[in-house]
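Hi everyone, thanks for making time this morning. I'd like to walk you through one model, so please have a look at it first.

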Amino acid sequence: MKDTSDALLSRVFGFTAFRPGQREIVEAVSEGQDTLAIMPTGGGKSLCYQLPALNRQGVTLVISPLIALMRDQVRALQELGIAAGALTSGNTEGETAAVHEALARRELKLLYMAPERLASGGTVDLLRRAGCSLIAVDEAHCVSQWGHDFRPDYLRIGELRRTLDLPLAAFTATADAETRAEIIARLFGGQAPQVFLRGFDRPNIRLNFQVKNRPREQILTYAAARKGQSGIVYCGTRARTEALAQALVTAGHNARAYHGGMEADARRVVETLFQREDDLIVVATVAFGMGVDKPDIRWVAHADLPKSIEAYYQEIGRAGRDGAPADTLTLFGPDDIRLRRAQIDEGLAPLERKQADHGRLNALLGLAEATQCRRQMLLSYFGEESAACGNCDICANPVRLFNATTPVRKALSAVLRTGESFGAGHLIDILTGNATPKVRERRHDALPTFAVGKDLSRARWQAVFRQMMGRDLVRPDPERHGALRMTEAARPILRGEAEIHLREDSVTQARERPEPRALVSEEDAPLLSALKAKRRELAEAAGVPAYVIFADRTLIEMAEKRPMDLDAMARISGVGAAKLERYGPVFLAVITGAMPSTPHPERRKLAGREAGALYDELQQIARELERGADGTEKLLTLSPACLRAIAEARPSTPEALARLRGMDAARVERFGEALLQRLHMV
Ligand code: ADP
Ligand code: ZN
């Protein structure tokens with residue numbers, strides 16, 4: 001069985017290896033065991049029933065809640081050369097007839113069905129006649145009556161399984177124990193299936209928080225660095241989605257707003273566009289979620305803080321399902337904290353529930369104000385231990401801490417001496433000795449705390465208050481317009497029994513952001529755009545989403561490895577036999593044809609000069625050595641800026657070469673000798 005699965009994985013799907021956990025599930029499902037697999041979004045659940053379907057006799061029934069997505073899945077399978085069809089209310093008569101014929105001839109390997117269809121009488125008969133041998137249930141948590149995604153028709157699946165007496169494989173990303181128990185009870189009739197539980201980590205998603213300063217500008221800057229990539233911006237209010245979408249369009253992006261107040265049709269248009277296009281930004285309220293099943297979302301930004309750590313994890317989790325690098329940015333500030341606290345306090349939930357909600361918000365605020373690896377903290381919330389990740393803003397730029405015990409005590413004292421009746425702005429006026437009319441009117445300039453905090457700037461005091469709110473030492477009182485009240489957690493610090501260290505950040509510092517991570521090196525970027533343009537052209541002609549032709553990561557690998565013939569093309573991950581035949585030659589032509597495309601701007605600066613010809617020769621030398629002299633080493637390239645610097649400066653020693661922009665020790669070692677030789681030919 002093992003060899004068959006490996007062979008199918010590479011021949012049909014074009015993948016070089018299973019993702020973690022996939023192999024075990026594929027084997028259990030292929031053997032016809034009842035299984036429940038819980039994997040994070042993007043973990044690769046579909047493959048865990050699609051591959052076994054090919055392994056098994058007969059047709060596999062796939063039940064999935066979203067009709068629009070089902071069609072795309074079927075198209076994607078057909079592109080892989082797999083006989084798949086769907087029976088949904090969205091079909092044309094012709095499509096339905098074709099599926100029935102294929103079923104009658106027993107040609108189909110996968111049949112997708114909407115849950116509504118289970119209610120119709122003929123379904124059991126149809127499946128019997130078609131030789132159905134396995135039931136796969138996607139989004140199995142839809143069977144849970146307490147969840148947000150409850151689908152009453154999912155309750156019929158258990159009965160279908162009993163009647164047909166078939167093995168059932170259920171998949172979900174929702175892992176909590178209650179939901180799991182409900183799935184087992186309702187889908188498997190209480191008979192425990194084999195359960196596979198994959199960890200929560202999504203290592204390709206970069207975690208990033210930023211103090212909210214000028215949110216519109218922050219989001220625009222962030223999007224500008226990711227131009228042409230698909231993204232989602234989540235906002236707290238409907239009005240904000242429209243304003244931000246407009247600003248993005250003005251800045252030259254392909255962007256749309258999406259929120260619950262829009263007509264259903266208008267919402268569907270945005271969902272479809274998003275699914276199809278590879279560069280659309282959707283600016284949405286959380287209403288945009290369940291209908292999104294797009295593997296190539298390259299980034300998710302929160303213009304406003306999410307409501308809990310669970311919501312945060314789910315929302316950023318929509319990025320990068322294809323496994324290629326994905327970025328996230330979450331903005332947060334005192335206003336967000338006030339708003340989220342107020343929403344909880346003003347809600348109708350019982351007190352106990354409100355306390356739990358404050359707790360889940362606290363967990364998110366803790367993450368926002370983290371002083372160590374964010375992923376470690378996030379995973380530990382979900383009960384997983386891990387090492388520092390190297391893929392979050394804190395790992396990239398460790399934060400400096402300072403002992404804030406004294407400032408925090410001063411702040412708490414200001415809170416208490418003013419009767420817990422004021423917000424941060426007024427308290428900071430008192431602490432910094434700013435005798436505003438309001439301060440004088442209330443005689444707060446006579447307090448012993450007046451001006452005791454002159455040593456810190458206003459911006460630093462703001463950072464202190466924000467972090468105090470983030471750590472729930474002070475909490476805005478919803479009944480008094482956000483006046484800050486001290487919480488029990490602050491008492492030990494006030495009494496001098498505990499110390500506290502806070503982040504040394506200020507708003508200005510927080511605004512400097514790590515460089516956007518380009519998907520490929522500067523040198524490969526033009527080729528990647530050419531490949532994407534070709535993909536878009538093919539996708540539009542076929543009326544399918546771009547990723548159905550090839551995933552981003554497949555194009556990225558093509559741009560980096562530059563296969564020069566079909567054999568090399570076949571080794572690219574995501575290029576299976578069917579796609580190789582259909583698309584291999586077209587993409588190969590892009591790669592071979594586009595090689596000496598329009599010159600890079602750095603090269604153009606040298607046009608007509610002697611250094612220009614030299615640049616071309618140096619570039620050729622660098623290309624020949626990019627995988628080492630024997631072609632087996634790690635890929636190293638020289639950027640156009642670096643080549644230009646060499647062509648102009650003509651260094652004569654390895655040391656001089658090493659000082660040029662874009663050079664480093666590894667590059668000097670790889671290219672130095674050959675470059676210097678060319679530079680000093682007589
Ligand atoms: P989810 O678990 O969220 O349902 P999908 O099944 O949609 O995830 O898979 C997400 C992406 O990962 C898809 O683009 C799929 O083609 C890709 N994928 C799945 N398995 C592998 C693998 N073994 N190697 C490379 N890519 C994979
Ligand atoms: Zn980290």
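Let's begin on a helix surface: the face of α23 turned away from its buried side carries E540 and A541, both exposed. Exposed here is over 50% relative accessible area, buried is under 20%, and partly exposed lies in between, with a 1.4 Å probe and protein chains only. Before I go on, this is a predicted model, where local features need pLDDT of at least 70 and side-chain atom pairs pLDDT 80 or more, while totals for chains, interfaces and linings use all residues. Residues count from 1 along each chain as its sequence is written, chains are lettered from A and ligands numbered from 1 in the order written, and side-chain values use heavy atoms, without hydrogens and water.

Back to α23, which covers residues 525–542. Helices are DSSP runs of H or I with at least four residues, strands are runs of E with at least two, and both are numbered from the N terminus. The 18 residues of α23 reach 26 Å from first C-alpha to last, close to the 26 Å expected at 1.5 Å a residue; that expected span is 1.5 Å times one less than the number of residues. Its buried residues include L527, L528, L531 and L538, but also K532, K534 and R535.

Now, which residues are the protein donors of the zinc ion, ligand 2? They are C373, C389, C392 and C395, each through SG, at 2.3 to 2.4 Å. Donors are N, O and S atoms within 2.8 Å of the metal (3.2 Å for Na, K and Ca), and water is not among the atoms, so sites may look incomplete. The angles subtended by the 4 donor atoms run from 102 to 118°, which makes the arrangement tetrahedral; for four donors that requires all angles between 85 and 135 degrees. C373 sits in the loop between α14 and α15 and C392 in the loop between α15 and α16, so this pair ties together parts 19 residues apart in sequence. Both C373 and C392 are buried.

Last, a charge over a ring: the charged end of R460 sits over F402, 4.8 Å from the ring centre. The rule asks for NZ of Lys or CZ of Arg within 6 Å of the centre and within 35 degrees of the ring normal. K294 lies over the face of F274 too, at 5.3 Å from the ring centre.

Technical notes: Four donors count as tetrahedral if all angles lie between 85 and 135 degrees; four count as square planar and six as octahedral if opposite donors are over 155 degrees apart and all others between 65 and 115; anything else is irregular.
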